[in-house]
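Subject: Structure handover

Hello,

Here is the structure I promised to pass on. Please open it first, then read my notes below.

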Amino acid sequence: MTEPAPQVANCPDDLLPGYALGVLDPEELEVVEHHLARCARCRAVTAELRSTAQLLAFAPAPQPVPARARRRLRAELHLRQPASSLVAWLRRPAWLLATAATVLAAFFGWQLLQQQQVAQQRAQLASQADSQRRAVVQLLAQRDGLLIRLQGHGAARDAHGAIILDPSSNTALIAVEGLPRPAPGQAYVVWLVRGEDYRQAGILPIDEHGHAELFLSPREPLRLYDALAITLETNAQATSPNGQPVAVASLN
């Protein structure tokens with residue numbers, strides 16, 4: 001009885017077929033030959049593999065696969081192919097791909113239009129703010145302007161400020177300090193008063209420090225109005241005051 005060939009650990013079993021066929025690269029060839037010098041078991045396996053490889057020369061020529069077998073193979077491949085794969089999606093009709101491309105183009109075009117509109121709005125607001133700053137500077141530089149003290153009362157009794165009037169340009173600047181921040185949904189509204197008639201002149205914006213400024217440039221001459229009033233309103237779009245007055249100043 002033949003004794004089993006001694007074996008060395010870490011046999012390169014995956015490289016032995018390639019070694020028998022002579023298709024290993026130099027590094028793999030060096031590994032295998034170094035191992036075969038010490039491992040009788042792998043030498044025996046290699047010898048059997050070489051004998052089998054030599055028989056390949058006597059193997060019959062390849063024969064065409066029968067048509068029935070090809071159809072069954074194609075059917076199985078078709079069933080195993082994922083329906084949602086990219087290849088399957090790309091094989092959709094051309095009109096469907098064109099529709100998808102049109103939708104994507106419309107979406108990106110809409111986004112670009114939105115960005116352009118936002119940029120135009122920002123540029124318009126910046127231009128308006130710059131115009132108001134220039135008007136305020138010109139107003140403060142007027143030596144013949146009128147300075148009217150403004151004192152708060154009621155809920156804004158600690159507020160104080162001033163109104164600078166420039167009759168020549170029919171403009172006015174309202175500046176107030178110490179105004180309490182209005183509750184959510186409320187706003188300070190400025191009114192120009194003539195007798196019993198109140199004309200809304202704008203919403204007085206207030207920052208986190210209680211400071212507020214509003215530049216006025218009414219259509220009618222300011223000299224036609226008797227007073228300026230500030231009220232705290234729950235409806236900033238109201239056409240007449242309904243809230244409590246927080247400051248009133250005479251313009252005469």
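**What was found**

Tyr198 is partly exposed, with a relative accessible area of 31%. A word on that term: buried means under 20% relative accessible area, exposed over 50%, and partly exposed in between (1.4 Å probe, protein chains only).

Before going further, some ground rules. This is a predicted model, in which local features need pLDDT of at least 70 and side-chain atom pairs count only at pLDDT 80 or more, while totals for chains, interfaces and linings use all residues. Residues are numbered from 1 along each chain as its sequence is written, and side-chain values use heavy atoms, with hydrogens and water left out.

**The aromatic pair**

Tyr198 has a partner. The structure holds 1 aromatic pair. The ring centres of Trp191 and Tyr198 are 6.5 Å apart and the planes stand at 80 degrees, so the pair is edge-to-face. The cut-offs: rings of Phe, Tyr and Trp (its six-membered ring) pair if their centres lie within 6.5 Å; planes under 30 degrees apart count as stacked, over 60 as edge-to-face and the rest as tilted. Trp191 is buried, at a relative accessible area of 0%.

**The chain as a whole**

The protein chain has 6 helices and 8 strands. Both are DSSP runs numbered from the N terminus: helices (H or I) have at least four residues, strands (E) at least two. The order from the N terminus is α-α-α-α-α-α-β-β-β-β-β-β-β-β.

Of the 252 residues in the protein chain, 26% are buried. The accessible surface comes to about 18200 Å², and 57% of that belongs to carbon and sulfur atoms. Areas come from the Shrake-Rupley method with a 1.4 Å probe; for residues, only the protein chains shown count as cover.

Now the contacts (heavy atoms within 4.5 Å). Take those between residues at least 6 apart in sequence: 57% join residues at least 24 apart.

**Salt bridges**

How many salt bridges does a search of the whole structure find? There are 4. The test is a side-chain nitrogen of Lys or Arg within 4 Å of a carboxyl oxygen of Asp or Glu.

Arg194, Asp197, Arg199 and Glu220 are linked in a network of these bridges. Here are its pairs, one by one.

- Arg194 and Glu220 meet at 3.6 Å, N to O. Arg194 sits in strand E4 (residues 187-194), while Glu220 is in the loop between strand E6 (212-216) and strand E7 (227-233), 26 residues apart.
- Arg199 bridges to Glu220, with the closest N and O atoms 3.5 Å apart. Arg199 lies in strand E5 (residues 197-204) and Glu220 in the loop between E6 and E7, so the pair ties together parts 21 residues apart in sequence.
- Asp197 bridges to Arg199, with the closest N and O atoms 3.1 Å apart.

Are these residues buried or partly exposed? Arg194 is partly exposed, at 26%. Glu220 is partly exposed, also at 26%. Asp197 is partly exposed at 28%, and Arg199 is partly exposed at 38%.

Arg194 has another contact to look at. It lies over the face of Tyr225, 5.1 Å from the ring centre. That label needs NZ of Lys or CZ of Arg within 6 Å of the ring centre and within 35 degrees of the ring normal.

**Helix H2**

Helix H2 covers residues 26-36, and its buried residues are Val32, His35 and Leu36. Seen down the axis of H2, they fall within an arc of 100 degrees, so they line one face of the helix. The arc is that of the directions from the helix axis to the C-beta atoms. On the other side of H2, Pro26, Glu27, Glu30 and His34 are exposed.

**Two loop residues**

Gly152 is in the loop between strand E1 (146-151) and strand E2 (160-166). Gly152 counts as buried, at 10% relative accessibility. Setting aside neighbours within four places in sequence, Gly152 is in contact with Arg157, Ala159, Val246 and Ala247. The C-alpha atoms of Gly152 and Ala249 are separated by 9.6 Å, though the two are 97 residues apart along the chain.

Asn170 is in the loop between E2 and strand E3 (171-177). Its phi is near 55 degrees, a positive value in a residue other than glycine. Asn170 counts as buried, at 16% relative accessibility.

Best wishes
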